[in-house]
Amino acid sequence: MQKSKVYPWYFAIVSVLIYTVLSVIPGLLGIGYSFTDWSAYSPYLNFVGFKNFIAVFSGENDYIKYITNTLWFTVVTTTAKTFLGLLFAVALSRNIKIKNFHRGMLYMPSVLPILVTGLVFKSILNPKTGFLNTFLRAIGLEVLAQKWLVDPNLAFGTVMAVDIWRGTGYIMTLLIAGILAIPDIYFEAAAIDGANAWQRFKFITLPMLRQTLAVTIVLNVIYGLKIFDMVYALTNGGPGHRTEVLYTAVYKMMSKGLYAEGTTISSVLFIFMVIIGFFMVKILTKDEVVE
Amino acid sequence: MVYTSKNKFVQILLKNVLAWFASMLVIIPLLLVILNAFKADGETLNMNLQLPKEWIVSNFSTVIEKGKLMRSFFNSMLYAGAGTLITVFFGAMAAYVFSRRRSKGMGALYMYVVLGMVIPVNYVTLTKTMITLGLTNTSLGIILLYMAMQTPFTVFLIYGFVSKIPVELDEAAIIDGCSPLALYVRIIFPMLKSAVITAGVLCFLNCWNEFMMPLYFLHSSEKWPMTLAIYNFFGQYEMKWNLICSDVILTCAPVLILYLLCQKYIVGGQTAGAVKG
């Protein structure tokens, strides 16, 4: 059986073509344009060498901060979602009443539009009329009522907290599936040997979940680095760029006509992701049957 | 023995407390949106969990009219529906060839496509590309963009399912005189049904919830999908929580219904990639 005849290449052509034209080529073009002074104000393009990259990394403007903010957002939300997701997964995998109700509830935020979640929390966190502060005042904890999204020192933490609220249930669901895939017999054997709950978790659950945990971390990192909707809805980068992440910054640069700057910081992320992306994809596609 | 059972009791109690605490964190915002959606204008100055004095159902019709939700509902249906159909149709064919060929070249091409799950979009040059192709501010443009964005995961997901169909089946069909196209259409595709539904539901969900592509590429409001429509509604009616909450419910209803109907496929599909064995 001749494989190239039975499985013709043109079966794959449409998908590969559209993906290449609208995803890969703009990325590669972007790297090229990063070496120019492309803007909305001049019809001419000049080659400027590494000037744009130097401008990003020298720290003379805020560009580097948008990148570090994005990385910080990714690290904090990934850590928190993994830790909380694991905690809830362990609690909700076995021996608990109405577990399907709890699981369904916790998973639900991850099917809703991220933008809508952001808008709802913007209302809840409104300092004057929002539910959170109204509630805190009602139970006499007025001191805790903060200007959640307005206070420069609190805003970024608040944005991350909302995102953790949104994403933990999804990570939990993946980890529950991982825990349920561990054969019961291991836990039974450990219980007979007198292992307590903590020991069972440390010596059985955690090692057996390694692959699933690796995948959830990869998914969280990919999500975090590309965050836009959540920040755009909650603060749009404010107050004073305190919560500015890469994609919100690019959007502003686009509307100001600063194309070269926008494409440069996009390309920094693109190159970074292609390099680490290769290892990430290896983790995601590991364990597949190879004939 | 007494010690163990007491220990176990504390453990179960802790688990339940934790589970209820976590669920409440989701239930409270949900209730808040539902209750406020039915309140009168004056009642929603402060957001709270009190029941509406009078349940005002007409908030919904007000929002549908003022927010032009019918139009954006059909736009969203078109973008997510057509985007899903072409992504899954062509993605399944591509996944099938990648999975069966397993040559060096095809393996590299598969990696190239799957890398798309990771690489970020450069919106600046994408805008230029879209203008060059004459696709800005068109429905076709958004649909093709959705296809480009969703193809990597779709191919990845279906690839795994194709590997589970024995190759002997193909061999038997070819010996019996089946053409390559007939082999795919009559034998392979029907066996991929559950994979295709899973990929389709996830793709639809992602397209429905997407916000950035319309924000960048759809300038006329009559082309806006529901996400973009609610964002602008929010800007216009800020502080009218009752109307905003009704709009939130209407925007989320389609995905929530899909979630309730297809929970098995959604959760199954999202875990399929992560958990193997």
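I start with a term: domain bounds here come from an automatic or database domain assignment. On that basis chain B splits into domain 1, residues 2–59, and domain 2, residues 68–236. Their C-alpha centres are 37 Å apart.

Some ground rules. This is a predicted model, in which local features need pLDDT of at least 70 and side-chain atom pairs count only at pLDDT 80 or more, while totals for chains, interfaces and linings use all residues. Residues are numbered from 1 along each chain as its sequence is written, chains are lettered from A and ligands numbered from 1 in the order in which they are written, and side-chain values use heavy atoms, with hydrogens and water left out.

Chain A next. Helices are DSSP runs of H or I with at least four residues, strands are runs of E with at least two, and both are numbered from the N terminus. Chain A has 14 helices and zero strands. Its C-alpha atoms fill a box of roughly 75 × 75 × 30 Å along the principal axes. Buried means under 20% relative accessible area, exposed means over 50%, and partly exposed is in between, with a 1.4 Å probe and protein chains only. Of the 291 residues of chain A, 54% are buried by that rule. A contact means heavy atoms within 4.5 Å. Among contacts in chain A between residues at least 6 apart in sequence, 65% join residues at least 24 apart.

One helix to pick out in chain A is α13, residues 246–256. Eight of its eleven residues are buried, so α13(A) is largely enclosed by the rest of the structure. Among the buried ones are Tyr247(A), Val250(A), Tyr251(A) and Met254(A). What do the buried residues of α13(A) pack against? In chain A they pack against α4 (63–93), α12 (229–234) and α14 (259–284), and in chain B against α5 and α10 (212–217). Just after α13(A), Gly257(A) has a positive phi of about 80°.

Now the helix pairs. Two packed helices are described by the angle between their axes and the distance between the axes. The axes are lines fitted to C-alpha atoms, for helices over the stretch in contact, and angles run from 0 to 180 degrees between N-to-C directions. Angles under 35 degrees count as roughly parallel, over 145 as roughly antiparallel, 65 to 115 as roughly perpendicular and the rest as oblique.

Helix α2 of chain A, residues 13–33, meets α5 of chain B, residues 123–132; their axes come within 8 Å and cross at roughly 120°. The two are therefore oblique to each other. A crossing is left-handed if the near helix is turned anticlockwise from the far one by less than a right angle, and right-handed if clockwise. The crossing of α2(A) and α5(B) is right-handed. On the α2(A) side the contact includes Val21(A), Leu22(A) and Tyr33(A), and on the α5(B) side it includes Leu126(B) and Met130(B). By class, this contact has seven nonpolar, three polar and one charged residues. Nonpolar covers Ala, Val, Leu, Ile, Met, Phe, Trp, Tyr, Cys and Pro; charged covers Asp, Glu, Lys and Arg; the others, Gly among them, are polar.

Helix α2(A) also meets α4 of chain B, residues 104–114, with axes within 11 Å and a crossing of roughly 45°. These helices, too, are therefore oblique, and α2(A) passes α4(B) in a left-handed crossing. Val16(A), Tyr19(A), Thr20(A) and Val24(A) meet Leu109(B), Tyr112(B) and Val113(B) there.

Within chain B, α3 (residues 69–101) and α8 (residues 180–191) have axes that come within 12 Å and cross at roughly 95°. That makes α3(B) roughly perpendicular to α8(B). The contact residues divide into eight nonpolar, no polar and one charged.

Now some single residues. Is Leu145(B) buried or exposed? Leu145(B) is buried, at a relative accessible area of 0%, and is found in α6 of chain B, residues 139–163. Leaving out residues up to four places away in sequence, Leu145(B) touches Leu22(A), Leu126(B), Met130(B), Met213(B) and Phe217(B).

Lys68(B) is near 50°, in the loop between α2 (58–66) and α3 of chain B, and is partly exposed at 46% relative accessible area. Asn137(B) is near 60°, in the loop between α5 and α6 of chain B, and is partly exposed at 23%.
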